[in-house]
Amino acid sequence: MKVRVLFLTSLLPLLLLTACEKAPAPPPVVTVTTPGLPTLPRNAAGFIDLSVEQLAQSMASKNFTLVNVHVPDEGNLPNTDLSIPYDRITENLDKLPGKDTPIVLYCRSGGMSTQAAAALAAAGYTRLYELDGGFNAWKDAGHRLANP
């Protein structure tokens, strides 16, 4: 009986200590900082959603690779560096810059570029941006395509 009482009394402070511990802090929001491109958090798929206004402001100090992934080719934004079909993006990694280099992907409306961005994020690319609404949103905001 004494052993049980001793055991229980020594166990009680341990239980109180563990019960009073703070819950672990939630993981920090991951953001990407790139001169010229805004600092924004990544989405659940691992890339950053970029608005037309944010991209337009970033074009003045362009320090990223701009990639059109739309199929078929229906036009390019000004200063587009590459055109790679969205469904062949992982077959063309040799055409892209390094995995830590900023890359902005776009298509006509955002669907294909979202798929391409998710594929590149899964392949280990860490500084990916995807233009929300694609070049349709770009045109709707009053900007011109390079070759309409």
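Reader: Leaving aside neighbours within four places in sequence, with which residues is L66 in contact?

Author: This is a predicted model, in which local features need pLDDT of at least 70, side-chain atom pairs count only at pLDDT 80 or more, and totals for chains, interfaces and linings use all residues. Residues are numbered from 1 along each chain as its sequence is written, and side-chain values use heavy atoms, with hydrogens and water left out. Contact means heavy atoms within 4.5 Å. Once neighbours within four places in sequence are set aside, the partners of L66 are M59, L77, P78, N79, T80, D81, L82, V104 and Y106.

Reader: Which residues have the most contacts inside the largest nonpolar core?

Author: A nonpolar core is a set of buried Ala, Val, Leu, Ile, Met, Phe, Trp, Tyr and Cys residues joined through side-chain atoms within 4.5 Å; buried means under 20% relative accessible area, exposed over 50%, and partly exposed in between, with a 1.4 Å probe and protein chains only. In soluble globular proteins, nonpolar side chains tend to be buried together. The largest such core here has 17 residues, and those with the most contacts inside it are L50, L55, F64, L66, L77, V104 and W138.

Reader: Which element gives the most residues to this core?

Author: Helices (H or I, at least four residues) and strands (E, at least two) are DSSP runs, numbered from the N terminus. Two or more residues come from each of strand 2, strand 3, helix 2, strand 6, strand 7 and helix 4. The most, three residues, come from helix 2.

Reader: Why do the buried residues of helix 2 lie on the same side?

Author: The buried residues of helix 2 (residues 52-59) are V52, L55, S58 and M59. An α-helix has 3.6 residues a turn, so residues three or four places apart point the same way.

Reader: How many salt bridges does the structure hold, and which residues form them?

Author: A salt bridge is a side-chain nitrogen of Lys or Arg within 4 Å of a carboxyl oxygen of Asp or Glu. K62 and D81 meet in one, at 2.6 Å from N to O, and this pair links distant parts of the chain, 19 residues apart. E74 and R108 form a salt bridge with their closest N and O atoms 3.3 Å apart, and these residues are 34 residues apart in the chain.

Reader: Are K62 and D81 buried, partly exposed or exposed?

Author: The relative accessible area of K62 is 28%. For D81, the relative accessibility is 42%. Both K62 and D81 count as partly exposed.

Reader: What is the mean pLDDT of the chain?

Author: pLDDT is the predictor's confidence in each residue, from 0 to 100. A value of 70 or more is reached by 76% of the residues. The mean pLDDT of the chain is 84.
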